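The sequence and the structure are shown first.

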Amino acid sequence: MTLSKKHAVVSGGSRGIGRAIALELARQGANVAILYAGSAEAANETCESAKALGVEALALRCDVSQYSAVEEAIQQVKLDFGKIDILVNNAGINRDALLLTMKPEDFDAVLDTNLKGAFYLIKQVYPIMMRARWGRIINISSVAGITGNAGQANYASAKAGLIGLTKTVAKELAGRGVTCNAIAPGFIATDMTDKLPEKIKEAALSTIPMKRMGRPEDIAALTAFLAGDGAGYLTGQVIQVDGGLAM
Ligand code: NAP
């Protein structure tokens, strides 16, 4: 129970990678607040599963692309938990298209959720962690943010932006006992990848040296490590969990 007495916020904790992260943090003893956009049922189910592991858990509807919603949600978590030690910026969407046909509103929507949402949440927890002189911020980026990806100008830009944000926050807060790192997953089996056309999935699989998709639990295990005391001297890093996809 390496995370007992810690309080975590996981954005997009209702499904997929975020759900696995919320449950792994709970398994290691952290109380967890799950932020979700639309799927109340999935969020409540994750919340109940976390409680069954013996921790406190909350599910809060919060569209992270709206600053006022983020302010309200963090206020609520502070009221319920009293403190926030761990923030996982995991909420994300994709709106794929080749740049030539990508609608400007789809570029904005992906930047608003995947990048600005993380900025808004960090902005809210920054003073809390700074005062506590302890904190862990983990941003879920993507291999696409490192290598680029045809058809994902919006997504790759947002995920690359998250890396710049991670390193900046790491530098600003390093002297305060707060670390900030990014995880760059490769191809992980969730609703996000399930909806891809079969041909694209096959092509992606053929480029992964380990010849399989990752599991949400692969990302959760690293997140829990980064959230713990054992990772206290590790900051500003981007760690790929991709089966060797982008070496
Ligand atoms: P997913 O299964 O589609 O789940 C996305 C999660 O984000 C859901 O919990 C969703 O909430 C939440 N969300 C979306 N928009 C939101 C908003 N505006 N405000 C709050 N929550 C919002 O996706 P996933 O595959 O688990 O991906 C999780 C993260 O990993 C994303 O940042 C994604 O870009 C990144 N990633 C995924 C892969 C992959 O292969 N799957 C690879 C690299 C990086 P609702 O349930 O309410 O919709």
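The following sections treat the ligand site, the cavity and then selected residues.

**Basis of the report**

The structure is a predicted model. Every value below was computed from that model.

**The ligand site**

Which residues come nearest to the ligand? The ligand has 30 residues around it, and the nearest of these are Ser14, Gly38, Ser39, Tyr155 and Thr190. By class, the shell consists of 13 nonpolar, 13 polar and 4 charged residues.

Three helices, α1 (16–27), α6 (153–173) and α7 (191–194), each contribute at least two residues to this shell. The largest share comes from α7, which supplies 3 residues.

| Residue | Protein atom | Ligand atom | Distance |
|---|---|---|---|
| Tyr155 | side-chain N or O | oxygen | 2.5 Å |
| Arg15 | side-chain N or O | oxygen | 2.7 Å |
| Cys62 | backbone N or O | nitrogen | 3.3 Å |

Is Thr193 buried or exposed? Its relative accessible area is 10%, so Thr193 is buried, the limit being under 20%. A polar atom of the Thr193 side chain lies 2.5 Å from the backbone oxygen of Ile188.

**The cavity**

How many cavities of 30 Å³ or more does the structure hold? There is 1 such cavity, and the largest cavity has a volume of about 50 Å³. A general point bears on how such a space is found.

Divided by class, the lining contains 6 nonpolar, 6 polar and 1 charged residues. Helices α4 (104–132) and α6 each supply at least two of the lining residues. The greatest contribution is that of α4, with 5 residues. Helix α6 therefore takes part in both regions, since, as helices are numbered here, α6 supplies at least two residues to the ligand shell and at least two to the lining of the largest cavity.

The side chain of Asn114 reaches the backbone nitrogen of Ile93 at a distance of 3.0 Å.

**Selected residues elsewhere in the chain**

Ile84 is found in the loop between α3 (67–81) and β4 (86–89). Its relative accessibility is 3%, and Ile84 therefore counts as buried. Ile84 and Tyr126 are separated by 42 residues in sequence, while their C-alpha atoms are 9.9 Å apart in space.

Pro216 lies in helix α9, which spans residues 216–227. Pro216 has a relative accessible area of 13% and is therefore buried. Between Pro216 and Ser11 the separation is 205 residues in sequence and 15 Å in space, C-alpha to C-alpha.

Lys5 is situated in the segment before β1 (7–11). At 69% relative accessibility, Lys5 counts as exposed, because the value is over 50%. The C-alpha atom of Lys5 is 36 Å from that of Ala109, a residue 104 positions away along the chain.

Which backbone angle is noted for Lys5? Phi of Lys5 is near 70°, a positive value in a residue other than glycine. Arg133, which is not a glycine, likewise has a positive phi, of about 55°. Arg133 is placed in the loop between α4 and β5 (135–140).

Methods: Residues are numbered from 1 along each chain as its sequence is written. This is a predicted model: local features need pLDDT of at least 70, side-chain atom pairs count only at pLDDT 80 or more; totals for chains, interfaces and linings use all residues. Side-chain values use heavy atoms; hydrogens and water are left out. A residue is near a molecule or strand if one of its heavy atoms lies within 4 Å of it. A polar contact is a pair of N or O atoms within 3.5 Å; within protein, one must be able to donate a hydrogen and the other to accept it, and residues adjacent in sequence count only if both atoms are side-chain atoms. Helices (H or I, at least four residues) and strands (E, at least two) are DSSP runs, numbered from the N terminus. Ala, Val, Leu, Ile, Met, Phe, Trp, Tyr, Cys and Pro count as nonpolar, Asp, Glu, Lys and Arg as charged, and the others, Gly among them, as polar. On a 1 Å grid over the protein atoms alone, a cavity is a set of points where a 1.4 Å probe fits but cannot get out, and a pocket is an open set with protein on both sides within 12 Å along at least five of seven lines; lining residues have an atom within 4 Å of a point. Grid points are joined across faces, edges and corners, and a volume is the space filled by probe spheres set on the points. Buried means under 20% relative accessible area, exposed over 50%, partly exposed in between (1.4 Å probe, protein chains only).
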